Amino acid sequence: MSIRDVLDGKLTEKEVEIKGWLVNKRSSGGVQFLIIRDGTGTIQVTVHKDEVAQKAFQDTDRLTQESSIIVKGIAKEDKRAPDGYEVRVKGLRLVHLAEQEYPIGKKEHGVDFLLGYRQLWVRSPRQVAILKVRAEVIKACRDFLDENGFTLTDSPILTPAAVEGVATLFEVPYFGDKAFLAQSGQLYVEATIAAFGKVYCFGPTFRAEKSKTPRHLTEFWMVEPEMAFFTFEDNLKFQEDMVTYIVKKTLEKRSKELAVLKRNVKPLKKAEPPFDRISYTEAIQMLQKGRYKIEWGEDLGTPHERFISLKFEKPVFVHRYPAKAKAFYMQPDPENPEVALCADLMAPEGYGEIIGGSERIHDLKLLEQRIEEFGLPKKAYEWYLDLRRYGSVPHSGFGLGIERILMWICKLKHIRETIPFSRTMKRIYP
RNA sequence: GCCGCCGUAGCUCAGCUAGGUAGAGCGGCUGGCUGUUAACCAGUCGGUCGUAGGUUCGAGUCCUACCGGCGGCGCCA
């Protein structure tokens, strides 16, 4: 029996039992108003002095914020209640009397304070709403892939070598040797496509980047689909469909939570295929016209991404970056080998990159050459090169950052709210 | 890592410009109110002013260093 059921009017005039936590308490002497939360919703319950035992009324008066209680009473429809329904209490049982001075107050708090009390902050309505949306976004990702013939093949978290730079890897001792926390599962899903065709991995990834920004975590979750026989073009179309599905499902199932977040859903509804596309070269021209000092060959920075992102109403692909600025495994464009067959998907409203993807090099010789050009240790990549020795096929894939897309969907100012316990350069507690 | 800003009660902040011995709101506690909506009303508890040094008769206030945090940037999902 949940608060949600009472708020939906299913139990009106029936006897109900609510198990939950005290959010707030008001009183007007003879009537006490308790606001109770149970994870499905929040409701007001009223305790009338002349309707309960004297002890029950006194106990109610002693209740502290966040005390856990079980109340029995009659569900009522009442215009005076905050959500139109309330429970008129007949009996109340105290499960645990919370200590005085619950740290999270009714008024505003600073970010540092709240993060230090994240274990309690997650109970707040706004945080509950965000984490509900998070769960929905993750479910949507997995449902979409599972329904489209993908097989989940999880990649290891402890890895022997870097995909990209070693500088951004967390090093861990490994039986007298060194291991690193994975910063991508991509290389491993490239292996499993030859077994399953279409695969994905989903899990936490770790980057020891010293980036102190509202868009970076050192531990974040990424879904990485990889598809055999997919061209660059197939890849982009698939990304469009997937992002559209995620946004639609979230709008459908989490409208209440988005309302709690005061998210204007109009921009989200515009996310329908086809998404806009511009080449990196066009992006540079746009930026130069916008009076940004940037030359062809330089990577796009945060202000650049924001500028482009604000120019479009739906997500926009920026494709064909200079090969030199991108990862070693990206397939060069046959029409212009200076650029790679890669694309980043920028979320609108100034949010910027939420996906990075590319067609991968499938030719052994070319891949060996690139590993050498990038100064990477060939030995470490022998297993990866095997994939080009035995039944190599053109293939493509991408990585979707869960927290990044969530930031956009919820329109958050900072990524640290998108995950239950954020890990940033400056904070690893609690 | 670089640039900028900020550390005063449990929390959010005022006090600093022009140095004179610490204040509000919220929360807690006590009391009042039989329909409250971050309820309200009265009272009350609560602070080595981030740390260390310096200037001064006197430092929350001025100076120096350090520590912690926030915002922006770089790197990236």
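Modeller: The following account begins with a strand and its partners and then turns to a pair of helices. The model is a predicted one. Chain A is divided into domain 1 (3-96) and domain 2 (118-418), and the centres of these two domains, taken over C-alpha atoms, are separated by 46 Å.

Strand 17 pairs with strand 16 (residues 342-347) through 6 bridges, and the two run antiparallel. Within this pairing, Met346 has Glu353 of strand 17 as its bridge partner. Strand 16 and strand 17 form a hairpin with 4 residues between the strands, and in this hairpin Glu349 takes a positive phi near 60 degrees.

Strand 17 is also joined to strand 18 (residues 395-401), again in an antiparallel manner and by 6 bridges. Here Ser358 stands opposite Gly397, a residue of strand 18.

The helix pair consists of helix 5 (residues 125-147) and helix 14 (residues 402-410), whose axes lie 10 Å apart and which pack at an angle of about 125 degrees. Helix 5 and helix 14 are therefore oblique to each other, and their crossing is right-handed. Among the residues that meet there are Ile130, Val133 and Val137 in helix 5, and Ile402, Leu406 and Ile409 in helix 14.

Terms used. Residues are numbered from 1 along each chain as its sequence is written. Chains are lettered from A and ligands numbered from 1 in the order in which they are written. This is a predicted model: local features need pLDDT of at least 70, side-chain atom pairs count only at pLDDT 80 or more; totals for chains, interfaces and linings use all residues. Side-chain values use heavy atoms; hydrogens and water are left out. Two strands pair if DSSP finds at least two bridges between them. Domain bounds come from an automatic or database domain assignment. Axes are lines fitted to C-alpha atoms, for helices over the stretch in contact, and angles run from 0 to 180 degrees between N-to-C directions. Angles under 35 degrees count as roughly parallel, over 145 as roughly antiparallel, 65 to 115 as roughly perpendicular and the rest as oblique. A crossing is left-handed if the near helix is turned anticlockwise from the far one by less than a right angle, and right-handed if clockwise. Contact means heavy atoms within 4.5 Å.
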